[in-house]
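Subject: Structure for you to look at

Hi,

Here is the structure I promised to send. Please open it first, then read my notes beside it.

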Amino acid sequence: GQQDAIPMVQLPVSDLHTTGDFHPRRANLTVGDYYLVAVKDAGTNTVLVVGLPLSDTDMALREMAWLTLFIAMILIVGAGLAGSWLISRSLAPLKRVAGAAASVADTDLDSGKVELTQRVDDKDATPGTEVGNVGYALNAMIDNVSTALTAREKSQAQMRQFVADASHELRTPLSSIRGYTELLAATEHFSPDGQRSVERVLQQSHRMGSLVENLLLLARLDEENSFRRTKLDLGLLTADITEDFKVTADDHIWEFDCEDPQTFVYADSSSLRRVITNLLANARKHTSPGNTVTTTVRQDPETDEAVLLVHDTGEGIDADFLPTVFERFTRADKARSGSDGTTGLGLPIAKSIVEAHGGSISVRSVPGDTVFEVRLPLIDADAEPAGSTGRSPKASV
């Protein structure tokens with residue numbers, strides 16, 4: 001095409017080479033940047049200056065620079081994504097192995113019947129690679145743990161059966177001992193020492209009978225039994241039991257506070273009554289006469305639970321004893337005051353019953369402030385349970 005005309009401009013003489021050594025140069029003229037070449041005409045002894053505008057060239061170079069930068073950024077991002085995908089794909093087997101290990105770690109292995117069905121897939125547990133070796137070792141460890149848990153469950157089942165059978169067999173002779181002892185005390189004349197001995201035998205036989213009954217109850221609670229569950233007003237039940245203690249244990253001050261009337265739970269009446277009775281009897285046995293025992297019933301709207309609090313102002317539970325207070329045959333005689341003998345089964349029975357109803361029980365204690373807290377699932381006041389018999393989950397104590 002036709003070349004655009006170069007505008008006529010006046011160039012300073014100092015800007016031109018007049019020695020005959022002419023080099024192309026870039027000049028910033030008033031009309032823009034130009035690429036100039038000075039040529040000396042020998043015939044006329046003049047200097048001819050020829051120039052081309054650089055605006056289009058500069059624009060093309062800038063566009064090329066931005067295009068190069070854009071392509072470079074795309075390549076960098078693409079390389080990063082491709083690298084991340086490759087790394088994620090190469091680590092996928094390790095993630096699956098870690099997922100199986102995490103699933104086992106989240107399983108409650110403390111007690112009860114436990115079945116470990118989690119395993120690493122065969123494709124991730126083939127020895128020969130790093131991940132395969134780890135997966136194979138993890139499967140072997142899970143198998144070993146599962147075998148140990150099965151053996152533990154079998155041993156516990158045998159022990160429960162033995163305790164249940166022994167307790168059941170002991171009930172008859174113990175009843176006979178109590179009966180004959182009461183008969184002797186009523187029909188025979190003993191010296192004061194003999195009378196005290198007979199009373200002592202009778203007292204210990206009653207205590208042994210209570211121990212056997214508690215052991216039998218625990219053995220039954222450890223199995224999957226049915227509770228006759230009905231809709232119960234926890235406030236009314238607790239108030240009724242507290243009134244009984246006011247009459248039978250007047251050496252303590254008994255108070256009851258129902259913060260939320262119509263606090264209903266779905267529970268077995270006799271079992272829940274045993275829980276409340278055990279907690280109040282525990283407070284009476286392990287506190288000095290004159291202390292105050294307060295039972296409180298309220299609702300926790302955040303967790304949708306019914307809350308029963310048994311608070312006493314006694315000597316408190318020793319900090320070393322507190323973590324084991326719900327274990328079987330744990331005696332608090334050294335930790336709290338009280339003269340009545342205990343079997344160490346009252347609180348474990350309470351814990352077993354509460355957990356069988358889907359609740360929880362806890363304790364906190366300092367001198368002058370001991371609180372046992374029972375939490376049970378709350379039901380609506382207008383709700384009508386579909387049946388009176390509910391299958392209880394397996395309790396473990």
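Let me start with Asp300. At 11% relative accessibility, Asp300 counts as buried, because buried means under 20%. In general, side chains of opposite charge can pair when their charged atoms come close.

Keep in mind that this is a predicted model.

**The whole chain**

The protein chain has six helices and twelve strands. It has 397 residues, and 32% of them count as buried.

How many salt bridges does a search of the whole structure find? It finds ten. Two further examples are worth a look.

One joins the side chains of Asp124 and Arg96, at 2.6 Å from N to O. This pair also links distant parts of the chain. Asp124 sits in the loop between helix 1 and helix 2 (130-187), Arg96 sits in helix 1, and they are 28 residues apart. Asp124 counts as buried, at 4% relative accessibility. Arg96 is partly exposed, with a relative accessible area of 36%.

The other joins the side chains of Glu243 and Lys246, at 3.2 Å from N to O. These residues are three apart in helix 4, so about one helical turn separates them. Glu243 counts as partly exposed, at 44% relative accessibility. Lys246 counts as partly exposed as well, at 33%.

**Helix 4**

Stay with that helix. Helix 4 covers residues 234-248, which makes 15 residues. From its first C-alpha to its last it reaches 21 Å, close to the 21 Å expected at 1.5 Å a residue.

Which residues of helix 4 are buried? They are Leu234, Gly235, Leu237, Thr238, Ile241, Thr242 and Phe245. They cover an arc of only 160 degrees around the axis, so they lie on the same side of helix 4. The face turned away from that buried side carries the exposed residues Leu236 and Val247.

What covers the buried residues? The cover includes strand 5 (229-233), strand 6 (253-258), helix 5 (269-285), strand 8 (292-300) and strand 9 (305-312).

Is Val293 buried or exposed? It is buried, with a relative accessible area of 0%. Leave aside residues up to four places away in sequence. Val293 then touches His252, Ile253, Trp254, Glu255, Leu280, Ala283, Val310, His311 and Asp312. Look at His311 in particular. It is 18 residues from Val293 along the chain, yet their C-alpha atoms are separated by 5.6 Å.

**A nonpolar patch on the surface**

Now turn to the surface. Met64, Leu67, Phe70, Ile71, Ile74 and Leu75 form a nonpolar patch there. Together they have about 610 Å² of accessible area. One of them, Leu67, is in helix 1 (residues 55-105). Leu67 counts as partly exposed, at 43% relative accessibility.

**Two loop residues with positive phi**

Last, check two backbone angles. Gln262 is not a glycine, but it has a positive phi of about 55 degrees. It is found in the loop between strand 6 and strand 7 (264-268). Gln262 is exposed, with a relative accessible area of 51%.

Asp304 also has a positive phi of about 55 degrees, and it is not a glycine either. Asp304 lies in the loop between strand 8 and strand 9. It is partly exposed, with a relative accessible area of 47%.

Best wishes

Terms used:
Residues are numbered from 1 along each chain as its sequence is written. This is a predicted model: local features need pLDDT of at least 70, side-chain atom pairs count only at pLDDT 80 or more; totals for chains, interfaces and linings use all residues. Side-chain values use heavy atoms; hydrogens and water are left out. Patches are made of residues with over 30% relative accessible area and no salt bridge: like charges are joined within 9 Å, nonpolar side chains (Val, Leu, Ile, Met, Phe, Trp, Tyr) within 5 Å. Accessible areas come from the Shrake-Rupley method with a 1.4 Å probe; for residues, only the protein chains shown count as cover. A salt bridge is a side-chain nitrogen of Lys or Arg within 4 Å of a carboxyl oxygen of Asp or Glu. Helices (H or I, at least four residues) and strands (E, at least two) are DSSP runs, numbered from the N terminus. Buried means under 20% relative accessible area, exposed over 50%, partly exposed in between (1.4 Å probe, protein chains only). The expected span of a helix is 1.5 Å times one less than its number of residues. The arc is that of the directions from the helix axis to the C-beta atoms. Contact means heavy atoms within 4.5 Å.
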